[in-house]
Amino acid sequence: MDLYQPEIVNINGEEFRVYLTHEEIQQRIKQLGKELSKDYKDKKPIFIGVLNGAYIFLADLMRYVTIPCEVDFLKLSSYGDEKVSSGEVQELKEIDADIEGRHVILVEDIIDTGLSMKFLADKMNRMNPASVSVVTLLHKKEATRYDLQIDYTGFNIPNLFVVGYGLDFAQEGRNLSQIYILQKG
Ligand code: PRP
């Protein structure tokens, strides 16, 4: 399969260069899948992906999980088309599953300020699940301002704008199979 993976890419007039390669990403996700399969053995967890950004990560992660599991999605937005969080979370789609008594694994592409995940973890905990844990592919530790428990992290990254592998810049760039970082600024 020929994946879309240039070294440098221009999106909406800004230049991005590759930061995490396809191989590095897949290798790490494979490890996370193994860890989750061990930790959730006999628990039939339900993965809840946060649209839009997490769809590619979740699709890959689940294929490295070797225990019975389910999936559902919800949709949040806090960035609109900007590079900086609006500070408000909008709920654009609810989950369909009943998560009472279930082991829930929240799946994000990135935790930046932590606002979205804080909002989501609080919301899920009010639904009486058996447990809630958080998996994120990327974590910008320096930018996180909310008190959050992050149980599984793919990569800690610097506080710079990233795009690709599900992450967008003004809705573009999600189809890149690697993760790219803004060249300047
Ligand atoms: C991104 C990302 C997370 C959130 C992280 O979503 O997918 O949900 O921002 O930022 P935070 O930690 O500062 O809350 P975005 O609002 O850009 O929507 P998208 O997933 O549709 O791209």
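**Exercise 1.** How many residues apart in helix α3 are D122 and K118?

*Solution.* This is a predicted model, in which local features need pLDDT of at least 70, side-chain atom pairs count only at pLDDT 80 or more, and totals for chains, interfaces and linings use all residues. Residues are numbered from 1 along each chain as its sequence is written, and side-chain values use heavy atoms, with hydrogens and water left out.

Step 1. D122 and K118 are four residues apart in helix α3, so about one helical turn separates them. Helices here are DSSP runs (H or I, at least four residues) and strands likewise (E, at least two), numbered from the N terminus.

Step 2. The two side chains form a salt bridge, with the closest N and O atoms 3.6 Å apart. The term requires a side-chain nitrogen of Lys or Arg within 4 Å of a carboxyl oxygen of Asp or Glu.

Step 3. Classify the exposure. D122 is partly exposed at 33% relative accessibility, and K118 is partly exposed at 29%. The cut-offs are under 20% relative accessible area for buried, over 50% for exposed, and in between for partly exposed (1.4 Å probe, protein chains only).

**Exercise 2.** Describe the salt bridge between D60 and R63.

*Solution.* Step 1. The N to O distance is 2.7 Å.

Step 2. Both residues lie in helix α2, three residues apart, about one turn of the helix.

Step 3. D60 is buried at 13% relative accessible area. R63 is exposed at 62%.

**Exercise 3.** Which parts does the pair E70 and K44 tie together?

*Solution.* Step 1. E70 forms a salt bridge with K44, the closest N and O atoms being 3.7 Å apart.

Step 2. E70 sits in strand β4 and K44 in the loop between α1 and β3, so the linked parts are 26 residues apart in sequence.

Step 3. E70 is partly exposed at 30% relative accessibility. K44 is partly exposed at 43%.

**Exercise 4.** Characterise the packing of α1 against α2.

*Solution.* Step 1. Helix α1 (residues 22-39) and helix α2 (residues 55-63) pack at about 55°, with axes 8 Å apart. Axes are lines fitted to C-alpha atoms, for helices over the stretch in contact, and angles run from 0 to 180 degrees between N-to-C directions.

Step 2. The two helices are therefore oblique to each other. Under 35 degrees is roughly parallel, over 145 roughly antiparallel, 65 to 115 roughly perpendicular, and the rest oblique.

Step 3. Q26, I29, L32, G33 and L36 in α1 meet F57, D60 and L61 in α2. Contact means heavy atoms within 4.5 Å.
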